[in-house]
Amino acid sequence: MREKDIESYLRDQVKRHGGIAYKFESPGNIGVPDRIVILPRGRIIFVELKAPGQKPRPTQVRQMQRLGFLGCDVRVIDSKEKVDDFIDEVKLNEVHAT
């Protein structure tokens with residue numbers, strides 16, 4: 001499975017559950033995560049997508065660490081199953097937040 005297919009699946013699943021998954025590009029800042037997922041109640045999660053079994057490059061790791069140090073929620077997802085797990089987790093958190 002290609003990274004592009006997983007990214008498309010994430011975008012569609014987030015939208016299906018009431019969120020937005022913006023493509024994230026930041027000129028001059030290589031390695032930023034692929035998507036900014038914005039969920040109901042203002043929850044924001046940065047997501048780096050990978051093909052199954054692939055790991056983030058060093059520049060991506062540094063960018064994710066920078067975001068994490070600032071208190072941001074940053075994830076790496078490399079399969080449709082992990083997208084489903086992610087959606088289940090954020091849906092569960094949404095239920096507990098109400």
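This is a predicted model: local features need pLDDT of at least 70, side-chain atom pairs count only at pLDDT 80 or more; totals for chains, interfaces and linings use all residues.
Me: Is Glu 48 buried or exposed?
Reply: Glu 48 sits in strand 3, which spans residues 43–49. The cut-off for buried is under 20% relative accessible area. Glu 48 has 1% relative accessibility, so it counts as buried.

Me: Which side chain makes a polar contact with Glu 48?
Reply: Leaving out residues up to four places away in sequence, Glu 48 touches residues including Val 32, Met 64 and Gln 60. A polar contact of 3.0 Å links its side chain to that of Gln 60.

Me: Which residue meets Glu 48 in a salt bridge?
Reply: Side chains of opposite charge can pair when their charged atoms come close. For Glu 48, the N to O distance in the salt bridge is 3.8 Å. The partner is Lys 50.

Me: Is Lys 50, the partner of Glu 48, buried or exposed?
Reply: Glu 48 has a relative accessible area of 1% and is buried. Lys 50 has 6% relative accessibility, and the limit for buried is under 20%. Lys 50 therefore counts as buried.

Me: How many residues of strand 3 are buried?
Reply: Glu 48 belongs to strand 3 and is buried. Strand 3 as a whole is mostly covered. Of its seven residues, the buried ones number five.

Me: In which sense do strand 2 and strand 3 pair?
Reply: Strand 2 and strand 3 form a hairpin, with three residues between them. In the turn, Arg 41 has a positive phi of about 70°. Leu 39 has Arg 43 of strand 3 as its bridge partner. Over five bridges, the pairing is antiparallel.

Me: Which residue of strand 4 is the bridge partner of Val 47?
Reply: Strand 4 covers residues 73–77. Strand 3 and strand 4 run parallel, joined by five bridges. The bridge partner of Val 47 in strand 4 is Arg 75.

Me: What handedness does the β-α-β unit have?
Reply: The unit consists of strand 3, helix 2 (residues 58–69) and strand 4. The two strands run parallel. The unit is right-handed.

Me: Which element gives the most to the largest nonpolar core?
Reply: The largest nonpolar core has 14 residues. Among those with the most contacts inside it are Leu 10, Val 47 and Phe 86. Helix 1 (3–16), strand 2 (35–39), strand 3 and helix 3 (80–97) each give two or more residues to this core. The top contributor, with four residues, is helix 3.

Me: What does Leu 10 contact, beyond its neighbours within four places in sequence?
Reply: Leu 10 is one of the core residues with the most contacts inside the core. Its contacts are Arg 35, Val 37, Val 47, Leu 49, Ile 77, Val 83 and Phe 86.

Me: Which residues do salt bridges that share partners join into one network?
Reply: The structure holds ten salt bridges. One of them pairs Asp 88 with Lys 91 at 4.0 Å, N to O. Those two lie three residues apart in helix 3, about one turn. The network consists of Arg 43, Asp 73, Arg 75 and Glu 89.

Key: Residues are numbered from 1 along each chain as its sequence is written. Side-chain values use heavy atoms; hydrogens and water are left out. Buried means under 20% relative accessible area, exposed over 50%, partly exposed in between (1.4 Å probe, protein chains only). A polar contact is a pair of N or O atoms within 3.5 Å; within protein, one must be able to donate a hydrogen and the other to accept it, and residues adjacent in sequence count only if both atoms are side-chain atoms. Contact means heavy atoms within 4.5 Å. A nonpolar core is a set of buried Ala, Val, Leu, Ile, Met, Phe, Trp, Tyr and Cys residues joined through side-chain atoms within 4.5 Å. Two strands pair if DSSP finds at least two bridges between them. A crossover is right-handed if, with the strands pointing away from the viewer, the path from the first strand over the helix to the second runs clockwise. A salt bridge is a side-chain nitrogen of Lys or Arg within 4 Å of a carboxyl oxygen of Asp or Glu.
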